[in-house]
Amino acid sequence: MIRSILTTPDGETHEGNEELFVTWQNTPGSHIWIDMQGESAESAERLLGKFECHPMAIQDAHKERLPPKIEEFDNHALIIYRGISSFDAQLNFVPQQVCFFIGECFLVTLHPGVAMSIERLFKEHGKTLLAKSPEQVALKVMYISAGYYIDSLLEFEAELSDLEDELHENGNDVLMRKITMYRSRLVKMRRVFNYHKGITQELTVYDYEHVPREESETLHAINDVAERFERLYTLTQMYYDICGDLVDGYISISSHQLNITMRVLTVITAIFVPLTFVAGIYGMNFDYMPELHYRYGYFFILGMMAGIGGVLIWVFRRKGWF
């Protein structure tokens with residue numbers, strides 16, 4: 001699907017498809033935003049070729065699992081962004097690559113599926129921002145997308161809080177597997193946000209021709225996006241640390257419970273070892289054992305064994321071992 005928005009210096013706005021490219025060419029000072037969703041590589045390459053986009057940029061845009069980055073060419077800048085098509089409070093998210101080709105008077109977005117931030121901007125403030133500059137549309141798309149991430153992460157905070165209470169009340173291996181799964185997803189998200197932080201840091205530090213930071217509105221938009229990605233990175237790091245603390249706490253509690261069990265078993269073993277020793281001695285079959293024919297020998301040995309056991313129990317209870 002190809003759709004486009006065209007704004008003219010006179011304040012007129014037009015919506016359509018790639019046919020608006022001809023109108024844009026014939027209207028100096030106009031801005032155009034062309035969004036390509038799920039288009040084939042051949043179709044995208046044909047349209048991007050009309051804007052004289054660099055072949056290497058087009059090639060990078062069609063690579064799968066390419067890390068987010070920003071790169072500038074002669075007549076445009078390329079931003080590869082990791083957007084989302086769905087996200088929920090359990091950190092189940094489906095990422096998708098969104099590519100921005102930003103020129104002085106044009107913006108081309110390329111993505112395989114539905115991008116929530118682009119859909120929202122097309123329906124709301126896309127025309128107003130495009131009239132100002134194409135780079136502000138691209139930055140606003142990233143800003144809105146980061147907002148979706150933040151909303152879902154804050155919902156996950158409530159989920160994590162409930163999970164923490166449940167783990168303290170009734171910790172089990174099922175909850176541990178769930179926490180481990182969350183940690184794995186948080187690591188992946190943190191990696192993505194780290195890439196995005198790098199993009200905004202480069203935009204803030206280096207002066208890109210097609211994303212000019214000397215423009216006050218553009219710089220303000222860059223700072224807003226940078227703040228959101230900084231917050232996202234901090235949140236994922238914090239939640240990752242909390243999950244790690246929950247795992248460590250559960251392991252510590254389990255180890256403590258195991259130590260208590262082993263201590264009880266050790267106490268029982270320590271009590272019965274001397275009794276077994278006495279029983280072993282008097283269980284030997286020798287003819288000339290002095291106590292063998294003693295009339296009260298049996299009761300004496302039983303009393304001695306009971307006394308040994310009682311003394312050991314008293315000692316262990318005094319030490320607080322059970």
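E52 counts as exposed, with a relative accessibility of 61% (exposed means over 50% relative accessible area, buried under 20%, and partly exposed in between, using a 1.4 Å probe and protein chains only). This residue is found in the loop between α2 (41–50) and α3 (55–61); helices (H or I, at least four residues) and strands (E, at least two) are DSSP runs, numbered from the N terminus. E52 has a phi near 60 degrees, a positive value in a residue other than glycine.

The model is predicted, so to speak of local features a pLDDT of at least 70 is needed, side-chain atom pairs count only at pLDDT 80 or more, and totals for chains, interfaces and linings use all residues. Residues are numbered from 1 along each chain as its sequence is written, and side-chain values use heavy atoms, with hydrogens and water left out.

Next come the charged pairs. Side chains of opposite charge can pair when their charged atoms come close. With a salt bridge taken as a side-chain nitrogen of Lys or Arg within 4 Å of a carboxyl oxygen of Asp or Glu, the count comes to six. One of them joins D35 and R3, at 3.2 Å from N to O. Because D35 lies in strand β3 (residues 31–37) and R3 in strand β1 (residues 2–7), the pair ties together parts that are 32 residues apart in sequence. Both residues, D35 and R3, are buried.

In another salt bridge, D60 meets K69 at 2.9 Å, N to O. D60 is buried, at 9% relative accessible area, whereas K69 is partly exposed, at 25%.
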